[in-house]
Amino acid sequence: APARPQPQAIAFDILFEDKDLIVLDKPAGLVVHPAPGNPDGTLVNALLAHCGPGFTGIGAEKRPGIVHRLDKDTSGVMVVAKTQLANDALTAAFAARDLDRAYVALCWGAPAQPEGEVEGPIGRDKRDRKRMAVVGSGGKYALTRYSRLRAWGLAATLLECRLATGRTHQIRVHMSHIGHPVVGDPIYIRRVPAAARLLDTPLRNLLLDFPRQALHAARLGFRHPRTGANLSFETPIPPDMQAILDALDAT
């Protein structure tokens, strides 16, 4: 395999671009950077083709410009650094949580309260190293705040989730931990959720067969690393998720 990612012409939706950064709407299914199992065809390969040779040295060699990431099957807003100044400033902002970042998640069931917090350290699941879990020891502190946007009885709820920390799979792990896993999650749903029984068969199957986690990074706001201007970007729920919401509304 090449020591460095190679440029590849892959289209992606740009929300904003200047000499320092790119803000984009990442589609579900696009891997952010090369990794075992996904050596190319990633966002990094696309960025190398889009930005040209000067982009290669920004940040880590195999992850140039990447200051945060979204899971392969999570859609939504991302920012990428094009200069070292932007890389350093944005990395610091994400580390300090000095930004506005909100996700929407369609979850099974209905949390008892319209808003709340899930607090619990996250580490590797001792029974399955490919999964993360809320653990009793050895994990990293994690806090997710959520609020209800819409609900369909006790069957499903659309939540806005905001991260006070940024752990791997944090929203997916925390929602599963409180018994309201994200619809379609291939890792953190081990059995058919009890709430699925509250839906008629066609709608239940539609949600159970959704091929990815129904999670979307809807909003990202931050200060521009060079000008200090406050920037904010929002993207709509993608069509595949919206189709589920429309089907729920039709019941």
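Helix 3 contains the buried residues Gln170, Ile171, Arg172, Val173, His174 and Met175, where buried denotes under 20% relative accessible area, exposed over 50% and partly exposed the range in between, with a 1.4 Å probe and protein chains only. Because six of the eight residues of helix 3 (residues 170-177) are buried, this helix is largely enclosed by the rest of the structure. Just after helix 3, Gly179 adopts a positive phi of about 85°. Helices (H or I, at least four residues) and strands (E, at least two) are DSSP runs, numbered from the N terminus.

The model is a predicted one, in which local features need pLDDT of at least 70 and side-chain atom pairs count only at pLDDT 80 or more, while totals for chains, interfaces and linings use all residues. Residues are numbered from 1 along each chain as its sequence is written, and side-chain values use heavy atoms, with hydrogens and water left out.

The axes of helix 4 (residues 201-208) and helix 5 (residues 239-249) come within 11 Å and cross at roughly 160°, axes being lines fitted to C-alpha atoms, for helices over the stretch in contact, and angles running from 0 to 180 degrees between N-to-C directions. Helix 4 is therefore roughly antiparallel to helix 5, a description applied to angles over 145 degrees, with those under 35 counted as roughly parallel, 65 to 115 as roughly perpendicular and the rest as oblique. In this pair, Leu203, Leu206 and Leu207 of helix 4 meet Ile244, Ala247 and Leu248 of helix 5, contact meaning heavy atoms within 4.5 Å.

Ser75, found in strand 3, counts as buried at 2% relative accessibility. With neighbours within four places in sequence left aside, the contacts of Ser75 include Lys26, Leu70, Arg212, His216 and Pro238. Gly54, by contrast, is exposed, with a relative accessible area of 62%, and lies in the loop between helix 1 (43-51) and strand 3 (75-81).
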